[in-house]
Amino acid sequence: MDKNTRVGKRKKRNKAMRIFWSVMAVILVAIGGFALYEYNTVKNAADTAYRSGGLGNAENGSKNSVISNSKPIAILLMGTDTGALGRTYKGRTDSIMVAVLNPKTKKTTLVSFERDQQVNLPDYPENSPSKLNAAYAYGNAKELAKVLKKYYNIPINAYVLINMGGLKTIVNKVGGVDIAPILSFSYEGYTFTKGKTTHMDGAKALAYSRMRYDDPEGDYGRQKRQRQVLSALLNKAESATTLLNPSFISSLSKQVQTDLTFSDMTSMAKRYLAATKDLKTDYTHGTSYMQDGVSYQKISVSERQRISNLIRKTLGLKTKTVSTDSIDTSTSSSSSSSSTTTDSDTTGGAGNTAGPSDNGAAAGNGADSGTTGGYSAGNDQNNSTGY
């Protein structure tokens, strides 16, 4: 695949991040509005979604102090697609972003991190090196925040985890969505015709967004269809009638985990919502390569420094030099995924590590198999066909 094609596809993926954060904005709007409309319904929903992430105090202050003083806040956004959040098997976070909301400048900066970056996990040296998207599976949001601190020198104040597969239920709650397919295909008993607008319930919308192997663009094509579903859902969710439906909010809360409390959310709805109107997006530019049969992304020291400077400046922090710890050992079969110049990062370690499993089952080289409830043999590749 040539460089221009890769750059174009990366831009398309970047658009998905905007949709992802827009969904988060809807959550804040909904909670802010419900605080006046039906206090108990919203509080119960927030309580359902709450899970402590064990993040502790960050460089720019604790979560509570940052919010109460209306300071810029860094929120770790994670998307998983391996089933209900109540499952014992957590899976990997294949969408990893940091959103910085600055109420003073009324701007939001959203940065996407390449899930296939090879990293050492601070609390799991025996499972290192691994991919960035494995950090949550091993040690929850706390471990992923530590990895981002280690490689990018950025603080994390709070986290939000969204179960993308659960969007099927949410689509049903808003009465379905209207979508004009960008590709003609049949999948899971449904037939889709390119350009023909059709009304989709949750099951049909999920089928439309899940198909991958018959798409000439593979996973990139699937991401485009996922963006369509999310965008259509956002349009429906912006309806006041939908947002004032307790059933919708209850459903949404079951697909989200966060360490933001009900009090945090209501405060943020008042103090930070204006910042979501002006959105700047960016992402880590890397170079793809194969190591021991596994596909990774090399993120150079200079690129990590660029991202670090961007996030720290938006948080009002002084820039700091990032660590030179880089463990990519192979440049064979590599191809650039962006036009950004990359450093030559070297030093040590193999790339095949056992994937984590909550139930203690043996894992085979870290392969995701999001439809089976555990990791299957493979080479740390994403085999999930889930949303």
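This is a predicted model: local features need pLDDT of at least 70, side-chain atom pairs count only at pLDDT 80 or more; totals for chains, interfaces and linings use all residues.
Residues are numbered from 1 along each chain as its sequence is written, and side-chain values use heavy atoms, with hydrogens and water left out.

**Exercise 1.** Find out where Ser308 sits and what its side chain reaches.

*Solution.* Start with the element: Ser308 belongs to helix α11, residues 301-314. (Buried means under 20% relative accessible area, exposed over 50%, and partly exposed in between, with a 1.4 Å probe and protein chains only.) Finally, a polar atom of the Ser308 side chain lies 2.7 Å from the backbone oxygen of Tyr152.

**Exercise 2.** Work out the strand order of the open six-stranded sheet and name its edges.

*Solution.* First, read the order, which is β11-β6-β1-β2-β3-β12, with mixed pairing. Then look at the ends: β11 (256-258) and β12 (279-283) each have a single partner strand, so one side of each is left without a neighbour in the sheet. (Two strands pair if DSSP finds at least two bridges between them.) Now zoom in on one pair: β1 (residues 73-80) and β6 (residues 158-163) run parallel over six bridges. Within β6, Tyr159 stands opposite Leu76.

**Exercise 3.** Describe the surroundings of Asp201.

*Solution.* Begin with its place: Asp201 lies in the loop between β10 (198-200) and α6 (202-210). Its relative accessibility is 39%, so Asp201 counts as partly exposed. Leaving aside neighbours within four places in sequence, Asp201 is in contact (heavy atoms within 4.5 Å) with Val171, Asn172 and Gly176. To finish, the Asp201 side chain reaches the backbone nitrogen of Ala203 at 3.3 Å.

**Exercise 4.** Decide how helix α10 is placed in the structure.

*Solution.* Count first: seven of the ten residues of α10 (residues 262-271) are buried, so the helix is largely enclosed by the rest of the structure. Then put names to them: the buried residues include Phe262, Asp264, Met265 and Thr266.

Technical notes. Helices (H or I, at least four residues) and strands (E, at least two) are DSSP runs, numbered from the N terminus. A polar contact is a pair of N or O atoms within 3.5 Å; within protein, one must be able to donate a hydrogen and the other to accept it, and residues adjacent in sequence count only if both atoms are side-chain atoms.
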